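These are my notebook entries on one structure.

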Amino acid sequence: MSPETLLRIEDLSVTFPNGNGGLAALESVNLEVPECRFMAVLGPSGSGKSTLLRAIAGLIQPTGGRLLFNTPEGNPPRIGLVFQQANLMPWRTVIENITLPLEIQGQHPGYARDLACEFIELVGLDGFENSWPRNLSGGMAQRVALARALIMEPDLLLLDEPFGALDALTREHMGAELLRIWQNRETTVVMVTHSISEALLLADRIVVLTSRPGKVARVVDDPFPRPRTDEIRYSPEFVALSRDIRASIME
Ligand code: ADP
Ligand code: MG
């Protein structure tokens, strides 16, 4: 495996039992996840995007194929997960939500709080340490979820439509914030999204899945040079590639 590859997915298939021969969610997916790069996964609803992410996270067992991690011993690296819903604990403040994974690990509370403060600053939540989840906007709640994932210093950050529940402008802003955070942490990101422009603005590699059962329809590498400005989305190249990717998703 090339040293730039963190994970090689070989012939991955996932079939869910349904009492009727099984429901094939993913079929023979072959894919390389480049280390310290940003990969986006696009595909129609039900194409197995979340299933792919859950298989990578080890939350579901593949029915076929294998995942090869380019780590010593081939063990999975530290993984951070963020879903569409922040799933914060309503009875814990912002900082208490972020320190939770460290508490579970049995880390010293003082150390956990100091580290949480660093991540609160990184995700732009200074001043909200002691706020309650019910008083946060959707975008702020997702920032807490991101900080909670990042505090474990994951080598691989898996994001499943993390901004899917946000309004369009907040979503764009959070995309830019995520880019800044990713550049700051040097971690590998795999993000599922249904937004073609989000993928084009953020990702180094874009993987398009076919409709169920999900297979790799297409891989687009380095769509545009970085830094990608907001202006780029109005360029003819951006519009043309968006249209082209949309066509491969509709096929
Ligand atoms: P996507 O995230 O692309 O919308 P999913 O990965 O959630 O798609 O689902 C792919 C297919 O697998 C869907 O048809 C879905 O209903 C089915 N599926 C997902 N999870 C399960 C499960 N735990 N049990 C049975 N079927 C599932
Ligand atoms: Mg999904």
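**Entry 1. Terms and model.** I call a residue exposed when its relative accessible area is over 50%, buried when it is under 20%, and partly exposed in between. I note at the outset that this is a predicted model.

**Entry 2. Positive phi.** I began with Glu-186, which is exposed because its relative accessibility is 63%. I found Glu-186 in the loop between α5 (168-185) and β7 (188-192). Its phi is near 50 degrees, a positive value in a residue other than glycine. I looked up Asp-11 next, where phi is also positive, about 50 degrees, although this residue is not a glycine. Asp-11 belongs to strand β1 (residues 5-16). I recorded both cases because most residues other than glycine have a negative phi.

**Entry 3. Cis peptide bonds.** I then turned to the peptide bonds, most of which are trans in general. The bond from Arg-212 to Pro-213 is cis, and I read its omega as near -5 degrees. I located Pro-213 in the loop that runs between β8 (205-209) and β9 (216-221). A cis bond also joins Arg-226 to Pro-227, with omega near -5 degrees. Pro-227 sits in the loop between β9 and α7 (236-250).

**Entry 4. Contacts of ligand 1.** I asked which residues come nearest to ligand 1. Of the 13 residues around the ligand, these are Gly-46, Gly-48, Lys-49, Ser-50 and Thr-51. I noted a polar side-chain atom of Ser-50 at 2.9 Å from an oxygen atom of ligand 1. For Ser-47 a polar backbone atom is involved, at 3.1 Å from an oxygen atom of the ligand. Arg-212 places a polar side-chain atom 3.4 Å from an oxygen atom of ligand 1. On its own, ligand 1 has 560 Å² of accessible area, and the protein covers 64% of that.

**Entry 5. The shell around ligand 1.** I listed the elements that give two or more residues to this shell, and they are β2 (23-34) and α1 (49-56). The element that gives the most is α1, with 4 residues. By residue class, I recorded 4 nonpolar, 6 polar and 3 charged residues in the shell.

**Entry 6. Ser-47.** I returned to Ser-47, which lies in the loop between β3 (38-42) and α1. Is Ser-47 buried or exposed? I counted Ser-47 as buried because its relative accessibility is 0%. The side chain of Ser-47 reaches the backbone oxygen of Pro-44 at 2.7 Å, whereas the contact of Ser-47 with ligand 1 uses a polar backbone atom.

**Entry 7. Leu-159.** I found Leu-159 in strand β6 (residues 156-160).

**Entry 8. A surface patch.** Last, I looked up a nonpolar patch on the surface, formed by Leu-59, Leu-81 and Phe-83. Together these residues have about 240 Å² of accessible area. I placed Leu-81 in strand β5 (residues 79-82). Leu-81 counts as partly exposed because its relative accessibility is 30%.

How values were computed
Residues numbered from 1 in each chain as written. Chains lettered and ligands numbered in written order. Predicted model: local features only at pLDDT ≥ 70, side-chain atom pairs only at ≥ 80, totals over all residues. Heavy atoms only, no water. Patch = residues over 30% accessible without salt bridge, like charges linked within 9 Å, V, L, I, M, F, W, Y side chains within 5 Å. Areas by Shrake-Rupley, 256 points an atom, 1.4 Å probe, with all protein chains shown as cover. Salt bridge = Lys/Arg side-chain N within 4 Å of Asp/Glu carboxyl O. Buried < 20%, exposed > 50% of the residue type's maximum accessible area, 1.4 Å probe, protein only. Near = heavy atom within 4 Å. Polar contact = N/O pair within 3.5 Å; in protein donor to acceptor, adjacent residues only side chain to side chain. Nonpolar A, V, L, I, M, F, W, Y, C, P; charged D, E, K, R; others polar.
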